[in-house]
Amino acid sequence: MIISTSLSITTTATTTISYPHRLHYHSHRSHRFSLLPKSTLANTSIPATLSTLNDPKTAIIIGGGLSGLSAATFLHSSGIPFLLLEASDGVGGRVRTDVVDGFLLDRGFQIFITAYPEAQKLLDYSSLDLQKFYSGARVYYNGGFHTVADPVRHFWDSLGTLGNPIGTILDKLLIGLTRIKVLTKSYEEIYIANEVPVIELLRSSGFSESIIDRFFRPFFGGIFFDRELETTSRLFDFIFRCLALGDNTLPSKGIGEIPNQLASKLPQDCIRLNSKVVSIEIDDEKRVNVRLDNGEELKSEIGVILAVEQPQVENILTGNLLERVNNPGNKKPGRSTVCLYFSSDLDKIPTSDPVLYLNGSGRGIVNNMFFATNVARSYGPSNKALVSATLIGLFDNVSDDELIGRVVQELSEWFGDTVVGSWKHLRTYRVKFAQPNQSPPTDLLRSPKIGDGLILYLCGDYQTSATFHGALVSGRRAAEALLEDRAVSRVAN
């Protein structure tokens, strides 16, 4: 996607796993637990077998986001019994979708790139029914819109962009050279390459300040929730490579269908919802004790995988365990975002194109927006359109009403009062922890082990890259480490 000279590579997903062996809209949590049925992916009162819940020979996974589900998938394919504990009322973590007045509202702006390598192994793309964005963007600048198009997928569109003010012709040639550069590297090479903040990479590569401010800040700033572009160049190269090889998409049933699909392939009595873990301890017998907020304790001799968001790790681990976490001094604040949704009559939106709009003006608070029902018609009723607007930062000193007013006023400047004035606000999501802060220095190959000799493992996108791919990879790595330690323990005994 975006300005590239790539040849489009079709990716094919399979259901076979080929392994070699932010949010203010939380539901109230209770002490009652539910299990996740394989068929419905909803809460239920079906009791779990006591042997599953209390057997110390069962591995425990804490957290039902993408990394936890990936770890569960790997353990299940390896024949290891497990119990996944999720604090909320559904799987997905930050990757969830709500239904409001017939609309599908993803919890924050999220796009799925088909070229993520780990996703290609784990997900059935056909069942997700992925709907594509236009391979490019429209940039709002100087009171008008200017198209940025992928010359391979939209050749004729791209010819018309050469003279637009979103960067110079040299800038557009440099983007092609950047694409060639990232495609000559493997993902592994990208992960360990020398790193600088993205802004330094762009300037040292020769890009003009005009294209940095008008395109790179809103586009990659919207991906990383970081308009200052302080994020590591490693992540920039990784995303750029994925964009060159794949499509930007949305599942027809919402972004939450991705974790739902993973959960649907797991045993129905192994996912327990509404089960918040408050602490983890190691007893004298080297078993891991997991305590829930209702006072219940579970033990595991196999291992515990902690698959929660980075800020929650310090809430669950204490004392010596917390001291043994890799990079315990990393106190960089997480990235935040606000996403506002509006409904509209179909004749009150300015386009039917599935395109992302970027704010390249350098003014205002909207970073990017799009009409979700133009990408996936299933995101709203047949006679309505769904509008999504994204801000970077939490804006916690601004009330919801004031925020809505400012966004409406700003988008009215883009599209006109008669268009935007008819839109109706549906919901605002303030996602306090949308992504970990991945400014340099980073370690995208961090070990999931919490010290030697402990059967306790970490996973999450903060352990690798802040992407769908990173979350899935980290879950697999944690499960692999658990299996390796289990094999060594068996040999030793």
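Buried denotes a relative accessible area under 20%, exposed one over 50%, and partly exposed a value in between, with a 1.4 Å probe and protein chains only. The model is predicted: local features need pLDDT of at least 70 and side-chain atom pairs count only at pLDDT 80 or more, while totals for chains, interfaces and linings use all residues. Residues are numbered from 1 along each chain as its sequence is written, and side-chain values use heavy atoms, with hydrogens and water left out.

View 1. Helices (H or I, at least four residues) and strands (E, at least two) are DSSP runs, numbered from the N terminus. Helix α10 is mostly covered, with 13 of its 13 residues buried. The end C-alpha atoms of α10 are 18 Å apart, in agreement with the 18 Å that its 13 residues should span at 1.5 Å a residue; the expected span is 1.5 Å times one less than the number of residues. Leu-229 is found in the loop between α9 (209-224) and α10 (233-245). Leu-229 has a positive phi of about 55° although it is not a glycine, and its relative accessible area of 0% makes it buried.

View 2. A salt bridge is a side-chain nitrogen of Lys or Arg within 4 Å of a carboxyl oxygen of Asp or Glu. The structure holds 24 salt bridges. One of them joins the side chains of Arg-94 and Asp-461, at 3.1 Å from N to O. Arg-94 lies in the loop between β3 (82-85) and β4 (97-100), whereas Asp-461 lies in the loop between β21 (456-458) and α17 (468-492), 367 residues apart. Both Arg-94 and Asp-461 are buried.

View 3. Glu-118 and Lys-121 form a salt bridge, their closest N and O atoms being 3.7 Å apart. Both residues lie in helix α3 (residues 117-122), three residues apart, about one turn of the helix. An α-helix has 3.6 residues a turn, so residues three or four places apart point the same way. Glu-118 is buried at a relative accessible area of 2%, while Lys-121 is partly exposed at 31%.

View 4. The side chains of Glu-296 and Arg-272 meet in a salt bridge at 2.4 Å, N to O. Because Glu-296 lies in the loop between β13 (288-292) and β14 (297-300) and Arg-272 in strand β11 (residues 271-273), the pair ties together parts that are 24 residues apart in sequence. Arg-272 counts as buried at 0% relative accessibility.

**View 5. The β4-β5 hairpin.** Strands β4 and β5 pair in the antiparallel sense over four bridges; two strands pair if DSSP finds at least two bridges between them. The two strands form a hairpin with two residues between them, and Asp-101 in the turn has a positive phi of about 55°. Thr-97 has Asp-106 in β5 as its bridge partner. From strand β5 (residues 103-106), Phe-103 and Leu-105 point one way and Leu-104 and Asp-106 the other way, and all are buried.

**View 6. An open three-stranded sheet.** Three strands form an open sheet in the order β6-β10-β7, with antiparallel pairing. The edge strands β6 (112-113) and β7 (130-132) each pair on one side only. Strand β10 (residues 248-251) pairs with β7 in the antiparallel sense over three bridges. Leu-130 stands opposite Pro-251 in β10.

**View 7. Backbone geometry in two loops.** Most residues other than glycine have a negative phi, and most peptide bonds are trans. The peptide bond from Pro-440 to Pro-441 is cis, with omega near 5°, and Pro-441 is placed in the loop between β20 (424-435) and β21. Asn-142, although not a glycine, has a positive phi of about 55°. Asn-142 is found in the loop between β8 (136-141) and β9 (144-149) and is exposed, with a relative accessible area of 67%.
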